[in-house]
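Biologist: I would like to go through this model with you. Could we take it topic by topic?

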Amino acid sequence: MNHPSTPSDGKDSSAAASNLYDTLSQFMFTSFASLRSLALHTEDQPRQHQQQPGVLALLETLYRTALLYLDETLDHIALVLLIYSLLCIVLYRLLFRAGSGNALSGRWWLLRRSRIPSCQRALLVTAHPDDEVMFFGPTILELRRRQCRVFVLCLSEGNHEGQGDVRRQELWDACESMGVRPEDITLVDATHLQDDPAAEWKTVTIANQILRQIESLDVQLLITFDKDGVSGHPNHCAIYYATASLCLSGLIPNTCKVLTLETVNLCRKYLSLFDLPVTLLLSTNW
């Protein structure tokens with residue numbers, strides 16, 4: 001038996017068709033969105049691959065530019081060093097070569113005269129043999145050029161490494177080569193003044209030795225180390241403090257002037273003649 005359709009059956013069929021349509025629409029929209037996202041991602045990958053070679057090219061350009069500027073900088077540095085070396089050689093010849101002639105007698109318009117006080121008798125106080133030539137050689141030569149009599153007081157025989165006899169003879173040979181008379185050399189060999197960086201040299205002991213020489217020799221100039229001792233050796237520094245104590249106590253005669261050798265840094269110390277312009281500019285006494 002056939003049953004006739006009722007109005008509710010029609011409504012159910014219409015709702016089912018509407019739900020199916022919505023589901024298909026949502027599925028198609030989701031699929032389309034997924035395909036579009038995949039397409040965009042696929043387009044971005046070649047773009048990133050294209051950007052990577054651009055970064056490498058930029059780095060390579062920067063590297064080549066840096067090399068170019070570095071090459072130019074090295075050329076400029078080499079040129080400056082060449083000019084500085086020529087300046088040192090010219091100054092050396094003006095100071096130590098041209099002045100030997102009688103016509104010129106060392107009077108150059110670009111150089112000041114030496115400020116070493118004029119004197120007839122000078123005393124040089126050192127700590128060890130070889131100090132006189134290693135640190136004070138030019139000063140001794142300048143004083144002897146002025147016909148000044150130079151006395152050397154060496155406060156130890158330099159026996160720190162068991163070479164006392166050898167260094168004693170070297171002291172006499174070096175002084176003779178610079179024009180110092182053998183009888184003007186005094187070498188102190190005392191147990192309390194030994195060549196040893198660890199040994200403490202008493203200020204009073206050194207001061208008595210120096211004062212005795214000043215009074216007995218009637219010198220007008222005393223030359224020794226400054227507070228840093230040129231090489232930083234404690235024995236060198238001890239001589240300075242002993243000399244300073246004599247000056248502060250007023251025991252050095254007013255007729256005797258005191259000069260100390262200025263300590264420079266390690267780099268300047270071993271530059272030889274290439275330190276000459278710096279010395280002329282910075283030295284307080286030349």
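Biologist: Is Tyr241 buried, partly exposed or exposed?

Modeller: Tyr241 counts as partly exposed, because its relative accessibility is 46%; buried means under 20% relative accessible area, exposed over 50%, and partly exposed in between, with a 1.4 Å probe and protein chains only. This is a predicted model, in which local features need pLDDT of at least 70 and side-chain atom pairs count only at pLDDT 80 or more, while totals for chains, interfaces and linings use all residues. Residues are numbered from 1 along each chain as its sequence is written, and side-chain values use heavy atoms, with hydrogens and water left out.

Biologist: How many aromatic pairs are there?

Modeller: The count comes to 3 aromatic pairs. Rings of Phe, Tyr and Trp (its six-membered ring) pair if their centres lie within 6.5 Å; planes under 30 degrees apart count as stacked, over 60 as edge-to-face and the rest as tilted. Phe136 and Phe225 form an edge-to-face pair, 5.2 Å centre to centre with 70 degrees between the planes. Phe136 lies in the loop between helix H2 (131-134) and H3 and Phe225 in strand S4, so this pair ties together parts that are 89 residues apart in sequence. Helices (H or I, at least four residues) and strands (E, at least two) are DSSP runs, numbered from the N terminus.

Biologist: Are Phe136 and Phe225 buried or exposed?

Modeller: Both Phe136 and Phe225 are buried. Ring pairs also link them with Phe135 into a cluster.

Biologist: Turning to S4, why is it largely enclosed?

Modeller: Strand S4 (residues 221-225) is largely enclosed by the rest of the structure because 5 of its 5 residues are buried.

Biologist: Which strands pair with S4?

Modeller: S4 pairs in the parallel sense with S1 (residues 121-126) over 3 bridges and with S5 (residues 257-261) over 5 bridges; pairing requires at least two DSSP bridges between two strands. Leu221 of S4 is the bridge partner of Ala122, and Thr224 stands opposite Thr260 in S5.

Biologist: What lines the largest cavity?

Modeller: Its lining includes Ala122, Phe136, Leu143 and Ile223. S1 and helix H3 (137-145) are the elements that give two or more residues to this lining. A cavity here is a set of points on a 1 Å grid over the protein atoms alone where a 1.4 Å probe fits but cannot get out, and lining residues have an atom within 4 Å of a point.

Note on methods
On a 1 Å grid over the protein atoms alone, a cavity is a set of points where a 1.4 Å probe fits but cannot get out, and a pocket is an open set with protein on both sides within 12 Å along at least five of seven lines; lining residues have an atom within 4 Å of a point.
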